[in-house]
Each structure stands twice: as structure tokens, then as C-alpha cells.
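Here is a short report for a reader meeting this structure. Look over the sequence and the model, then read on.

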Amino acid sequence: MKIPAGQQSAENYNSILAYENKFAREIAAQVMDKPVLSAWMILIPIVFVPYYIQLQRYKEGSKMFREGYLYTKRIAMDTAYRIATKELITTDAHAAIAGLVEKNPEANPIIAKIQEKQILEIEILCSHYGSLLATEKIKYQDMVRSYYQTKSNYLNYIHSITRAEQEVTKASTAAYQGDAGEAKGIMEKMNTYLSALRWEEAALIFPDE
């Protein structure tokens with residue numbers, strides 16, 4: 001039996017969200033430095049305490065990192081879903097996205113620049129997610145194959161979203177003063193692993209090209 005449009009959109013949405021959550025976990029695992037547990041730490045309980053504290057900080061940091069990574073993705077997915085279910089018309093998407101990102105109309109120029117770049121990133125993601133939601137497939141990889149048809153077409157999207165994310169990174173690092181070096185290093189590391197994972201994913205989705 002064919003799935004009703006609304007129900008299918010919901011299942012597609014969940015598949016896309018699961019895919020992005022998976023990527024967020026993988027990127028966090030690469031970017032965040034997890035403390036290493038040695039056998040002798042277990043044998044000496046008092047030594048185990050600092051490790052436990054570091055582990056808790058790692059878990060908290062990883063959670064915050066994942067939430068930060070998914071920030072633009074969630075806005076894009078929700079907007080694309082609203083369009084797919086006729087709750088929002090495409091011509092109103094930009095205003096809807098800007099309204100969610102530009103929370104403070106009096107933000108200083110540096111923050112305003114970050115928001116401007118984030119909006120562009122979200123619009124690219126929204127178009128991508130909307131195209132996937134419009135397919136009759138459920139699994140993420142099947143949706144990608146159905147819409148993009150070829151690896152080359154999919155890589156064009158990857159190039160576009162990568163450039164947009166890099167622009168957000170450039171704008172964001174300008175907002176960090178004393179921690180600029182550390183922040184830039186984390187963001188560049190994230191972009192490097194993210195790009196590599198996307199290329200690997202493209203090869204898995206289109207193995208014969």
C-alpha cells in the first residue's frame with residue numbers, strides 16, 4: 001500500500017534526522033579528545049577520579065558539539081518539512097529561516113555576518129532536504145540515489161554545502177578574540193572530517209561510478 005504523502009514526508013524526515021545525527025556523533029568523536037582509561041587507574045581508585053571528571057566533561061562537550069552541529073540542519077529540515085506538508089510556501093522560506101536565525105535585530109556586525117552566512121547554509125540544506133522529502137523513498141541513501149541520480153550530481157551538492165559551511169567558519173572565527181586559534185582549529189578539524197565522511201558516503205551511495 002502506498003504511504004500517504006504526509007506520512008511519507010514524516011518517515012523521510014526521520015531518516016534524514018537519523019543520518020545527520022549519525023554524522024554529528026562521528027564528527028564529535030573525531031574532533032573531541034576523549035580521555036584514555038588506563039588499567040592502573042582502576043586499580044588505584046583515587047587516580048580514577050580525575051579520569052571520571054574528564055570523561056564527564058568530554059560527554060558534556062560532545063553533546064554541546066552535536067547540538068551546535070545540528071543547529072542549522074534542524075532549521076533546514078523543519079523548514080523543508082513545512083514546505084513539503086504545505087504548511088509553508090517556498091517563497092516564504094527565506095523570511096522564515098531568517099526569523100529563526102536573526103534572533104537579535106541589534107546584533108553587532110560580526111554576529112550579523114555569521115547569521116548571514118548561516119542563512120545561506122540553511123537555504124542550501126533546505127533545498128537538499130526538500131528534494132529528498134519529495135522522493136518516494138524512505139532510507140536516506142535511497143532518497144539521495146532517487147533524486148541526484150549520479151555521483152557527480154551529488155558531489156555538486158557536497159561542494160556547495162562545504163563552501164557554505166566554510167564561509168560560516170570564517171565568519172565565526174572572526175567573532176572569537178583570545179580563543180581564536182583554538183576555535184579555528186576545532187572548526188577546521190570538523191570541516192576536514194565532515195568533508196571526508198561525505199565523500200566516503202558518496203562512494204557508498206554510488207559504488208559503480
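## A buried tyrosine and its partner

Tyr-140 has 4% relative accessibility, so this residue counts as buried (under 20% relative accessible area; exposed is over 50%, partly exposed in between; 1.4 Å probe, protein chains only). Tyr-19 counts as buried too, at 7%.

The structure is a predicted model: local features need pLDDT of at least 70, side-chain atom pairs count only at pLDDT 80 or more, and totals for chains, interfaces and linings use all residues. Residues are numbered from 1 along each chain as its sequence is written, and side-chain values use heavy atoms, leaving out hydrogens and water.

## Aromatic pairs

The whole structure holds 8 aromatic pairs. Rings of Phe, Tyr and Trp (its six-membered ring) pair if their centres lie within 6.5 Å; planes under 30 degrees apart are stacked, over 60 edge-to-face, the rest tilted. The ring centres of Tyr-19 and Tyr-140 are 3.6 Å apart, with planes at 10°, so this pair is stacked. Tyr-19 sits in helix 1 and Tyr-140 in helix 6 (residues 140–148), so the pair ties together parts 121 residues apart in sequence. Helices here are DSSP runs (H or I, at least four residues), numbered from the N terminus.

Tyr-148 and Tyr-154 make a tilted pair: 5.3 Å centre to centre, 55° between the planes. Both Tyr-148 and Tyr-154 are buried. Ring pairs also join these two with Tyr-147, Tyr-157 and Phe-206 in a cluster.

## The cavity

How many cavities of 30 Å³ or more does a search of the whole structure find? It finds 1. On a 1 Å grid over the protein atoms alone, a cavity is a set of points where a 1.4 Å probe fits but cannot get out; lining residues have an atom within 4 Å of a point. The largest cavity has a volume of about 60 Å³, the space filled by probe spheres set on the points, which are joined across faces, edges and corners.

Its lining includes Tyr-19, Tyr-140, Tyr-154 and Tyr-157, along with Glu-20, Phe-23, Tyr-69, His-128 and Arg-198. Helix 1 (5–31) and helix 7 (151–173) each give two or more residues. Helix 1 gives the most, with 3. The lining divides into 6 nonpolar, 1 polar and 2 charged residues.

## Helix 5

Helix 5 (residues 109–133) has 25 residues. From first C-alpha to last, helix 5 reaches 35 Å, close to the 36 Å expected at 1.5 Å a residue (1.5 Å times one less than the number of residues).

Methods
1 Å grid on protein atoms, 1.4 Å probe; cavity = no way out; pocket = protein on both sides within 12 Å on 5 of 7 lines; lining within 4 Å. Nonpolar A, V, L, I, M, F, W, Y, C, P; charged D, E, K, R; others polar.
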